[in-house]
Each structure stands twice: as C-alpha cells, then as structure tokens.
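Me: I would like a close look at one part of this model, followed by how the rest is arranged. Please keep the answer plain.

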Amino acid sequence: MAYSDKVLDHYNNPRNVGSLDKADQNVGTGIVGAPECGDVMKLQIKVNDATGIIDEAKFKTFGCGSAIASSSLATEWLKGKTVDEAMAIKNTDIVNELSLPPVKIHCSVLAEDAIKAAINDYKAKGSTRKPAAGVEA
Amino acid sequence: MKLPIYLDNHATTPLDPRVLEAMMPYFQEQFGNAASRNHAFGWVAEEAVETGRKQIASLIGANAKEIIFTSGATESTNLAIKGVADMYAERGNHIITAATEHKATLDTCKHLEKKGCRVTFLPVMQDGLIDLSMLREAITDKTILVSIMYANNEIGVIQPVAEIGRICKERSVLFHCDAVQAVGKIPVNVLTDNIDLMSISGHKIYGPKGVGALYVRRRNPRVQLTAQIDGGGHERGMRSGTLNVPGIAGLGKACELAQKEMAAESVRMAALRDRLKDKLMSALDETYINGSLEHRLPNNLNISFAYVEGESMLMGINDVAVSSGSACTSATLEPSYVLKALGAGDDLAHSSIRFGIGRFNTEEEIDYTAGKVISVVKKLRELSPLYEMVKEGIDLTKVQWTGH
C-alpha cells in the first residue's frame, strides 16, 4: 500500500510525542483502543484555566502508520484551540487532511475518540479544579 | 549491497539464473506440445517434461510416474483433497487437518464441509506442533484423509511428518502433505515419511511461478483421484490441460539444484537466521520467537516485538522486504490465524515480523536488516503508550480497554 506524503511525514517526524502529568488538574487524558485490536492511542491536553485554550497536546500511539499520523495531526490541531473548538474536530477532517484510504478510516475515528476522551477527562476534573490565579471568583 | 533487501522468501523466491537458463529453449525454439506424439516438436517437449518429472521424483524419493504437474501448489492441494473426497466418498467423508494449515488446505476443506464432508481442524500446541495423540483420537472409521503440512509458511515449524505418516498407514487413511515450504529446504522423502499425496510449488524453490506438482503414490497403496479439471486426459487423466513445458523444465532444474546444494545451503541459512535472531534478541527486550525453534526450517524467523505494531514496523524498515502477522497488513484486517492458533494472544500477532531468508541473501544484508529493525523498534517503542505503561509497572491485561 502506498502512503500519502502527509502520513509519511507524520510517521517519520511525529509531532508532540510524549506524556503530560495525568494527575495535573489541568491535564485531560484519553486512552482509546485495545492491544488485541492492534491500536491504542493515548492523547493528552493541557488547558490554560485563564484562557480556556489548549496550551499543550501530547500523544503516544501503538498502531499502524496511519494511526500514528492521525494522532500526531490531532495534537497539532488541538494546540491553540478552546475546548469547545477541539470538541468539533471530526474524523473526516483527519481523513481529508491525510488522504487516508477507506481501510484506514478507523484510525481517524480512533483519533476523534481520543480527543473526546481527553476533553471529557479534563471536564470531569473541573469540579475539583482550583480557580486559576488572577481570576476573581 | 543493493537496496531494497529481499527477506520474504516464504512468499516467493527469485528465479535462480541456472533455472532460467534451463527454461529458455522451451519458449521459442522448442515450443512443441508435449502431448503431440507424432512429430519431433512434440517429442522434444515430452523429453523435457519427463526430465523434469525425474528431477522432482529424485528429490523426494518418488518414482517419476508418481508426479502430476499442476499450475501450482494451490491447485495441487485442491486436487489432492477434493480428488480424494470424491473418489473415496463411498468409504467415508471425514477429513482431518490442522488450524495452522495454508488457506489452500483450509478453504478447500471448508468447501467440502458445505458439500457434506465432516472436517476436524486439529488445534496446535504453543510451539506450533500438532499433538499426535489428538490426531490418533480424531481418526474414525469414516476418515479418508489426513492433510497436514510439512513446514508452516509463517512460523516455519516442521510437523512430525514421519509419525503422522505412520499413524495414517496403520489406520489405512490417506495422508496428504503440503510440502511447499519444506521441499528443497530440508530432506523430504515420501517413502520414509509414508506420504501418499504431496503438494510442491515451483516459485518457492527458486523456480518459476505458475507451475507446481502433486505427488500421487502408485503402490502400497495405489492412490486414485477424481480429476477436478476435465479435458484431454493429460497426466494419467488426473489433470487435463496442455503441459507448461518451460515451467516444468524450470521446476525440474530447481529440484535438481536443491538436491545438490541443500545440505550446504541449509547450514548457511541457519547460520544467517541465527545471526539475525541473536542480534535482534540481544539488543531488544520483550521479543518473542513464535513457534518451536528446534523443529523449524533453517531459513525462517518469526518474532514478535511486544508493544509495537507490525505495519508501522514495516513502514520503518521500508528498504527490507519482510511481512507481518498484523491485521493491518492482511486483506481480511484480522491478525494472523497461525499466530492466534499458538494461543499467544492477538497483541503478539499484531507485533510479529516474519523473516524468510533465501539462497541469495548475504551476511551483510542480515546485519543491515538487524540494525534497521533494532532502530525502528526502539523508535516505535518511544511512541508506544503500551511500552510506557509496562515500564511504569502497569499490568496491561488488567487495564479496561475500549476495544472497537
């Protein structure tokens, strides 16, 4: 199978590989997929409380090149977006950007699921989150 | 050293130049039909075919009259299994095979199941070998055929063929053996192994594609087959169709070369294989060999690199041609059924790479491959959330995954 140039670029130079502190109240973590299915994505976001904007996004992916590229691309797109804007990212946007063939669409679905899981984790922490400095209660 | 490197010799092998040379005359100058009995063109072609028959028979301890030419091993296997099922239908309808057989065998058996045959698919043990006591127990008075491969195409595991042959003989059940990966690589003898029918392929032994053979025992017992292709009655009526004379000349030459060179070649293959294995396993933790190392073809290595996915590895080692048991590399999007049958878990099937070493590979190529694989696996493990979790002490089997 031939890979698109963009998939190859993300595979060869993955963006934002790494991990953020799961315990950090401003970090949302999403882990989706399963080892026996052949792909697991971990996607993390760090949201700036003052601005509501995603400052940092990191990923680690076990999966094929298209899964790696989908999650790498997702971290690029997440940075600088508000949580609500991030929630609007669709798997079809990833399919179009990376020119994924039909058999690889599930990789983009997994990336969308990972984004949503990370945001939901961040939101779930909201009740215990301390107000950010400088913001009047 | 030339790139890319070919290390997928279980899929197919390059044509040996000496084989090509043996084939060349039969494309143009000696183009006759081997079935033309009344002129010199036919006689020359027939002679080439009979030479090929002898060369194949000699390699496997058979008589030349016991060799039937086909288009390849898939056809040979179809003819053997369907031909026996049809011919011996009055005697019984039960066939025994194994879970790790090639699709040519499994799908042929499944086809016959729909037509009223009963098929037992024997499981394999963790090392890939069948359990002989299970085979003995599976045989009933309705059993007409046992079809077990000599050596597996994915994991290279060699079945106890001589014992299987003996059991079949004791119980008067015919034994078909798919010997595609074994012939020419390790000694195969239809007499000492008690094989009644055996499938052989040209292109797995440095011969041409599109030609194969089926060994059909003529004595003790005399095996009969119902033809699956009707026509001019070629090949003792078992396989009609004009013979592929250049292909047969090539297959014959390939067998002759294998017979001469196998002893030395298998030692060289095993040394290259072990060199690759040792380099990979000393540099990388959590790597597992799939299938028995002891009962294994000298040219096969099948390794799972835990926590990295096969297709992403193939992408990284793109100048080395190998294959993977990962779902993403298969047409069905299912991980390798052979590796699943070993019971090692789907995750290790997704992480597997098959290295198939061949006649034309060099030590330099093996060293390059080892270096490349090591760097790619290390890179992908840095990217792997599973590797990170394991390093943090998390038991992956206890995690609640969101499977899809």
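Which residue in β5(B) does I95(B) stand opposite?

Reply: The model is predicted. In β5(B), the residue opposite I95(B) is L145(B). This pair belongs to the pairing of strand β3 of chain B, residues 94-98, with β5(B), where the two strands run parallel and are joined by three bridges.

Strand β5 of chain B covers residues 143-147. It also pairs with strand β6 of chain B, residues 174-178, again in the parallel sense and over three bridges. Here V146(B) has F175(B) in β6(B) as its bridge partner. As for burial, a residue counts as buried if 20 or more other C-beta atoms lie within 10 Å of its own. Five of the five residues of β5(B) are buried, so the strand is largely enclosed by the rest of the structure.

Chain B also touches chain A, and the contact takes 26 residues from chain B and 23 residues from chain A. On the side of chain B, the elements that give two or more residues are α8 (310-316), α10 (346-350) and α12 (385-391). The residues on that side divide into 12 nonpolar, eight polar and six charged.

Turning to chain A, five helices and three strands are found there, and their order along the sequence is α-β-β-β-α-α-α-α. The C-alpha trace of chain A spans about 55 × 30 × 25 Å along its principal axes. A compact globule of 137 residues would have a radius of gyration near 14 Å, and the 15 Å of chain A agrees with this. Of the 137 residues in chain A, 44% are buried. Among contacts in chain A with a separation of 6 or more, 65% are between residues 24 or more positions apart.

One helix pair in chain A can be described in detail. Helix α2 (residues 65-78) and helix α4 (residues 91-98) of chain A pack at an angle of about 110°, and their axes are 10 Å apart. Angles of 65 to 115 degrees count as roughly perpendicular, and α2(A) and α4(A) are therefore roughly perpendicular to each other. From α2(A), the residues A69(A), S70(A), L73(A) and A74(A) take part, and they meet I94(A), E97(A) and L98(A) in α4(A). By type, the residues of this contact are five nonpolar, one polar and one charged.

Terms used: Residues numbered from 1 in each chain as written. Chains lettered and ligands numbered in written order. Predicted model: local features only at pLDDT ≥ 70, side-chain atom pairs only at ≥ 80, totals over all residues. Axes fitted to C-alpha atoms, helices over the stretch in contact; angles between N-to-C directions. Helix = DSSP H or I, 4+ residues; strand = E, 2+ residues; numbered from the N terminus. Parallel < 35°, antiparallel > 145°, perpendicular 65-115°, else oblique. Contact = placed C-beta atoms within 7 Å. Nonpolar A, V, L, I, M, F, W, Y, C, P; charged D, E, K, R; others polar. Rg over C-alpha atoms; globule rule 2.2 N^0.38 Å. Buried ≥ 20, exposed ≤ 12 C-beta atoms within 10 Å, placed from the backbone. Pairing = 2+ DSSP bridges.
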